[in-house]
Amino acid sequence: MTTQAAPPTSVLMGLIFKARLHVDHVAAAVARNDENVDRYRMILADREAHMTALLEENARAGGDASVIPPAADIAQVDIPDEAAELLALIRDDAGQAQTNFTDAALSATPYQAQLLAAIAACVASHRAVLA
Amino acid sequence: MSQDIAAAAPDGDTLIAALNAAMAAEHVALWAYGLVTAFDPDAATDVTAFVGNHQALRNVVADLLVRAGAVPVSPEPAYDLPFEVTDPHSAQTLALTIESDCAGAWHGIIGATTDSDIRAEALSALTGCSIRMVTWRRYRGDTSLTEPFPGTTTITP
């Protein structure tokens with residue numbers, strides 16, 4: 001039986017859930033070690049830094065950390081076998097993240113807005129790296 | 001977009017200062033890109049495009065300032081460089097520094113206002129800087145092309 005993570009309870013928590021999924025994807029992509037691995041490594045380092053900052057901000061804001069799913073077992077992460085399809089998935093994740101973080105930054109508190117905006121700008125640069 | 005821009009910040013002076021910091025950064029960018037072209041002619045096509053980007057950003061921030069009832073800072077005749085530019089590599093580093101400085105200025109606006117329209121303009125500008133930084137890191141042959149929090153770090157040559 002599979003257990004499902006509790007639904008996100010705030011905008012920040014929603015971003016954390018999505019970031020966790022994307023980190024899992026790109027970590028699995030790095031483990032695949034295909035021709036794009038150097039680009040995936042670069043992206044993984046940034047996305048892990050984002051996760052750390054988001055978790056710190058969640059703690060600062062008094063959010064419930066107990067509902068946040070842990071990093072997945074890389075071997076169990078479902079990613080495409082084909083390198084081109086995997087690249088498309090990681091690129092799509094970056095696009096989704098840019099949209100989500102941009103939208104959230106527009107209405108967040110000033111401190112959170114700066115954090116979310118920097119992450120949005122970073123994932124936009126990932127799209128450039130993956131183009 | 002809000003007509004009362006100065007009122008969009010808890011402290012209107014903070015927003016005006018942030019907008020003028022971006023204005024100043026854009027003036028520097030437009031001046032310094034002239035040097036980049038001189039020392040790295042192979043990058044001329046990108047420089048032309050990026051100068052167009054920064055001209056547009058300068059006009060955006062000037063408009064925001066005027067609508068806030070503030071006076072945009074004027075460009076200086078010339079600027080001191082943070083390091084000597086003598087060859088393509090140092091010109092590329094200057095370009096990276098320009099973009100990083102502009103990113104920092106636009107990032108500052110996001111924290112200085114609650115107006116979502118101004119934030120959207122600033123975030124769009126920050127994103128553009130972040131993408132142009134990838135271009136300059138590619139020119140430099142950097143191993144790492146991105147940074148996790150653009151607008152919050154300083155480039156060192």
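Student: What makes B:Glu147 and B:Arg137 a salt bridge?

Tutor: A salt bridge is a side-chain nitrogen of Lys or Arg within 4 Å of a carboxyl oxygen of Asp or Glu. The closest N and O atoms of B:Glu147 and B:Arg137 are 2.6 Å apart, so the pair meets the definition. B:Arg137 is in helix α4 of chain B and B:Glu147 in the segment after α4, so the pair ties together parts 10 residues apart in sequence. Helices are DSSP runs of H or I with at least four residues, strands are runs of E with at least two, and both are numbered from the N terminus.

Student: What should I know about the model and its numbering?

Tutor: This is a predicted model, in which local features need pLDDT of at least 70 and side-chain atom pairs count only at pLDDT 80 or more, while totals for chains, interfaces and linings use all residues. Residues are numbered from 1 along each chain as its sequence is written, chains are lettered from A and ligands numbered from 1 in the order in which they are written, and side-chain values use heavy atoms, without hydrogens and water.

Student: Why is A:Arg60 called exposed, and why is A:Glu57 called buried?

Tutor: Buried means under 20% relative accessible area, exposed over 50%, and partly exposed in between (1.4 Å probe, protein chains only). A:Arg60 has 53%, so A:Arg60 is exposed; A:Glu57 has 2%, so A:Glu57 counts as buried. Their side chains meet in a salt bridge of 2.7 Å, N to O. The two residues are three apart in helix α2 of chain A, about one helical turn.

Student: What makes A:His25 and A:Asp93 a polar contact?

Tutor: A polar contact is a pair of N or O atoms within 3.5 Å; within protein, one must be able to donate a hydrogen and the other to accept it, and residues adjacent in sequence count only if both atoms are side-chain atoms. The side chains of A:His25 and A:Asp93 make such a contact at 2.7 Å. A:His25 is in helix α1 of chain A and, at 9% relative accessibility, counts as buried. A:Asp93 is among the buried residues of α3(A).

Student: What covers the buried residues of α3(A)?

Tutor: The cover includes α1, α2 and α4 of chain A together with α4 of chain B. Helix α3(A) has 25 residues and reaches 37 Å from its first C-alpha to its last, close to the 36 Å expected. The expected span is 1.5 Å times one less than the number of residues.

Student: How many salt bridges and polar pairs lie between the chains?

Tutor: The count of salt bridges between chain A and chain B is zero. The rule finds eight residue pairs in polar contact across this interface, both residues at pLDDT 80 or more.

Technical notes:
Contact = heavy atoms within 4.5 Å.
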